[in-house]
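I opened this entry to record what I looked up in the model, going from the fold as a whole to single residues.

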Amino acid sequence: AGHGAPAGEEDKEAIDGNVRDMIQQVIGLLAYADPKTSPIASVFDESHRRIVADVVNSSILRAQGGEQTSSLEKLLLHLLVSHDTLRQLQGGRGEVLELRELIHPS
């Protein structure tokens, strides 16, 4: 980030740098015959895969001139917040909404 740049611009530059680093790391997997045993195999962890998916989705949405958060993601976030707020208003009573369980029931 350059000196004297507005705070929002510095944040954007930092995010762009992180995205660039992440993309380089993922592309680096192509250099290995067995990427899962490579020094950068951590990108296969579930948490890392979600981060990469979020970055890719945001980049696609931004490239198409849209917002970085899809309408479905916003709707799900509103659902989770609304449900949590309702539980708090009821003194913590009621079922905990587990989105993962709704999407992938056991």
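Before turning to what follows one of the helices, I note the convention I used: helices are DSSP runs of H or I with at least four residues, numbered from the N terminus. I also keep in mind that this is a predicted model.

**Helix H3 and its end.** I looked up helix H3 and found that it covers residues 71–89, 19 residues in total, and that the distance from its first C-alpha to its last is 27 Å, close to the 27 Å expected at 1.5 Å a residue. After H3 comes Gly91, and I noted that its phi is positive, near 70°.

**The chain as a whole.** I then stepped back to the secondary structure, which for the protein chain comes to four helices and zero strands, so that I read the order along the sequence as α-α-α-α. Of the 106 residues, 13% count as buried, and the chain exposes about 8400 Å², of which carbon and sulfur atoms supply 58%. Among contacts between residues at least 6 apart in sequence, I found that 17% join residues at least 24 apart.

**Arg87.** Which side chain of opposite charge is nearest to Arg87? I found that it is Asp84, at 4.7 Å, and since a salt bridge needs a side-chain nitrogen of Lys or Arg within 4 Å of a carboxyl oxygen of Asp or Glu, I recorded Arg87 as buried yet without a salt bridge. Arg87 lies in helix H3, and, leaving aside residues up to four places away in sequence, I listed its contacts as Gly92, Arg93, Gly94, Glu95 and Val96.

**Leu79.** In helix H3 I also looked at Leu79, which counts as partly exposed because its relative accessibility is 42%, a value between the limits of 20% for buried and 50% for exposed. I took the separation of the C-alpha atoms of Leu79 and Leu99 as well, and found 9.7 Å for two residues that are 20 residues apart along the chain.

Notes
Residues are numbered from 1 along each chain as its sequence is written. This is a predicted model: local features need pLDDT of at least 70, side-chain atom pairs count only at pLDDT 80 or more; totals for chains, interfaces and linings use all residues. Side-chain values use heavy atoms; hydrogens and water are left out. Helices (H or I, at least four residues) and strands (E, at least two) are DSSP runs, numbered from the N terminus. The expected span of a helix is 1.5 Å times one less than its number of residues. Buried means under 20% relative accessible area, exposed over 50%, partly exposed in between (1.4 Å probe, protein chains only). Contact means heavy atoms within 4.5 Å. Accessible areas come from the Shrake-Rupley method with a 1.4 Å probe; for residues, only the protein chains shown count as cover. Lys and Arg count as positive and Asp and Glu as negative; His and the chain ends are not counted.
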